[in-house]
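Subject: Structure handover

Hello,

Here is the structure I promised to pass on. Please open it first, then read the notes below.

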Amino acid sequence: MEKINLAEKLQLFNEYWSPKIIGEINDSYVKVAKFKGEFTWHVHDNEDEMFFVVKGILTIKFKDKDIHLHEGEIMLIPKGTEHMPVAPEEVHVLLIELKSTLNTGNVINDKTIEKLERI
């Protein structure tokens, strides 16, 4: 058991939309990521998602509305909900997701990361 410093972990990489594993809880990974720009419209058929904004402002687009998350705010997205994260400026996030969660959900494209790096 060791403490984890989010700021230190987030300084270890610069890639956007490339979550990094910083720990595990039961059947889930604890991840950090940096976002900038638009991601991909996608759905996670079998996994819920949790976005915690550490730094910046993240917009989660849904078909019927946009939700803006500021530092310290959390969004829980139920499985089966189509969404697209958007970050006009760099955003740092903490994610807790089942180990089976693919970052692009039901979509496979150039932003899909099948094997996550552990930092």
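A definition to start with: two strands pair if DSSP finds at least two bridges between them. Keep in mind that this is a predicted model.

Strand pairing

Start with strand 7, residues 84–98. Strand 2 (residues 28–38) runs antiparallel to strand 7, and ten bridges join the two. Within that pairing, G37 stands opposite A87.

Strand 3 covers residues 49–55 and is also antiparallel to strand 7, with four bridges. Here F51 faces L95 of strand 7.

Strand 4, residues 58–61, is joined to strand 7 by three bridges, again antiparallel. K61 has M84 of strand 7 as its bridge partner.

Strand 3 has another pairing. Four bridges link strand 3 to strand 6 in the antiparallel sense. M50 is bridged to L76 of strand 6.

Now look at strand 6 itself, residues 74–77. M75 and I77 make up its covered face. I74 and L76 lie on the uncovered face. In a regular strand the side chains alternate between the two faces of the sheet.

Aromatic rings

There are three aromatic pairs. Take W17 and F35. Their ring centres are 4.2 Å apart and their planes meet at 15°; planes under 30 degrees apart count as stacked, so this pair is stacked. The two residues come from distant parts of the chain, 18 residues apart. W17 is in the loop between helix 1 (6–10) and strand 1 (20–25), while F35 is in strand 2. Both W17 and F35 are buried.

W17 also pairs with F39. The centres of these rings are 4.7 Å apart and the planes are at 25°, so W17 and F39 are stacked.

How buried are the two partners? W17 has a relative accessible area of 8%. F39 has 9% relative accessibility. Buried means under 20%, so W17 and F39 both qualify.

Ring pairs join W17, F35, F39 and F51 into a cluster.

Charges over rings

The charged end of K34 sits over the ring of F13, 5.2 Å from the ring centre. The charged end of K63 sits over the ring of W41, 4.1 Å from the ring centre.

Nonpolar cores

In soluble globular proteins, nonpolar side chains tend to be buried together. In this model, the largest nonpolar core has 16 residues. Those with the most contacts inside this core are F35, F51, L58, I60, L69, V91 and V93. Strands 2, 3, 4, 6 and 7 each supply at least two residues of the core. Strand 7 gives the most, with four residues.

What does F35 touch, leaving aside residues up to four places away in sequence? The list is Y16, W17, F51, L58, A87, E89, E90, V91 and V93.

A second, separate core has six residues. Among them are F13, I22, V32 and L94. F13 is also the residue whose ring lies under the charged end of K34.

F35 is buried, stacks with W17, and is among the residues with the most contacts in the largest core.

Best wishes

Definitions and conventions
Residues numbered from 1 in each chain as written. Predicted model: local features only at pLDDT ≥ 70, side-chain atom pairs only at ≥ 80, totals over all residues. Heavy atoms only, no water. Phe/Tyr/Trp six-rings, centres within 6.5 Å; stacked < 30°, edge-to-face > 60°. Buried < 20%, exposed > 50% of the residue type's maximum accessible area, 1.4 Å probe, protein only. Lys NZ or Arg CZ within 6 Å of the ring centre and 35° of its normal. Core = buried A, V, L, I, M, F, W, Y, C linked by side-chain atoms within 4.5 Å. Contact = heavy atoms within 4.5 Å.
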